[in-house]
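The following account considers how side chains are arranged in one protein chain. It moves from aromatic rings to the nonpolar core, then to charged groups and the backbone.

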Amino acid sequence: MMRNWCWLLISVAGIAAAEPPPRLELVLSMTRNGSAMAEVVERLEYSGGNYHLTETWKGRGIYALLGSARRVSLGSIAQGVLRPREFFDERSGRDTARAWFDWKAQTLTMQYKGNKGVEPLPANAQDRLSFLFALSLLPGSKSDTVSYSIADGKGLSRHTYKLVGRERLKTPVGEFDTVKAVRQGEDRETAEVWLAPQYGYIPVRLLVVDKDGTRLEQLPTRISQ
């Protein structure tokens, strides 16, 4: 592992903090154990240090009964640090979950099912959508590991990711040279993310494996700028 990381460090040496593209749309196919589950559309707009990230989710096949979902994250990037300001998660048949990040007052406000609470803002706080975007800044940083406190409007969870090497990735829209990040620590699931340098290190593949062996995977079917 140390040899792989040394090689990765040499590969990205001298790169400044990754800068996201001004516009990007990814259409991804989500599968569950190899069967089509949903179409996911990720849209990024970035200008003047501010980002607007939108994710829409629509079930396919038998999963169409699950309806649709929409998540939005608004925030800024300064000195290689991503700071969300507002997040909401809308899903068919469920109450909307919301989170507000006040970096000046250092408070986090979350709301779900009529319950609204305020608590201290954790260091390196992210939301359920922004943390994947935040990972795109990791290859240009001075460390190979990052930890997030992730808010989803209902509570907080802790995630740590580590860069583990470079990998040539085959997808339905072609091949990419990628940097791979893996979630660290004991948990109920494993997670791996592949970041594409040619698109500002935006994730182009996501693989989550539950402890029961269930595999959830996202791969791009279209990328446009």
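A search of the whole structure finds four aromatic pairs, where rings of Phe, Tyr and Trp (its six-membered ring) pair if their centres lie within 6.5 Å, with planes under 30 degrees apart counted as stacked, over 60 as edge-to-face and the rest as tilted. One of them joins tyrosine 51 and phenylalanine 133 edge-to-face, at 5.2 Å centre to centre and 80 degrees between the planes. This pair links distant parts of the chain, since tyrosine 51 belongs to strand 3 (residues 50–59) and phenylalanine 133 to helix 2 (residues 130–134), 82 residues apart. Helices (H or I, at least four residues) and strands (E, at least two) are DSSP runs, numbered from the N terminus. Tyrosine 51 has 2% relative accessibility and therefore counts as buried; phenylalanine 133, at 3%, is buried too. Here buried means under 20% relative accessible area, exposed over 50%, and partly exposed in between (1.4 Å probe, protein chains only). Elsewhere, ring pairs link Phe131, Tyr148 and Tyr161 into a cluster.

The model is a predicted one, in which local features need pLDDT of at least 70 and side-chain atom pairs count only at pLDDT 80 or more, while totals for chains, interfaces and linings use all residues. Residues are numbered from 1 along each chain as its sequence is written, and side-chain values use heavy atoms, with hydrogens and water left out.

In soluble globular proteins, nonpolar side chains tend to be buried together. The largest nonpolar core in this model has 56 residues; such a core is a set of buried Ala, Val, Leu, Ile, Met, Phe, Trp, Tyr and Cys residues joined through side-chain atoms within 4.5 Å. Leu44, Tyr51, Phe101, Phe133, Leu135 and Tyr161 have the most contacts inside this core. Strand 14 (residues 202–210) supplies the largest share, six residues. Leaving aside residues up to four places away in sequence, leucine 135 touches Val146, Tyr148, Tyr161, Val193 and Leu195, with contact meaning heavy atoms within 4.5 Å.

Side chains of opposite charge can pair when their charged atoms come close. The structure holds 12 salt bridges, each defined as a side-chain nitrogen of Lys or Arg within 4 Å of a carboxyl oxygen of Asp or Glu. Among them, glutamate 55 meets arginine 71 (2.9 Å, N to O). Glutamate 55 lies in strand 3 and arginine 71 in strand 4 (residues 68–78), so the bridge ties together parts that are 16 residues apart in sequence. Both of these residues, glutamate 55 and arginine 71, are buried. Aspartate 89 and arginine 91 also form a salt bridge (3.0 Å, N to O); aspartate 89 is buried at 9% relative accessibility, whereas arginine 91 is partly exposed at 35%.

Arginine also meets aromatic rings. The charged end of arginine 205 sits over the ring of tryptophan 194, 4.1 Å from its centre; the criterion is NZ of Lys or CZ of Arg within 6 Å of the ring centre and within 35 degrees of the ring normal.

Finally, the backbone deserves attention. Tyrosine 201 has a phi near 65 degrees, a positive value in a residue other than glycine. Tyrosine 201 occupies the loop between strand 13 (189–196) and strand 14, and is buried with a relative accessible area of 7%.
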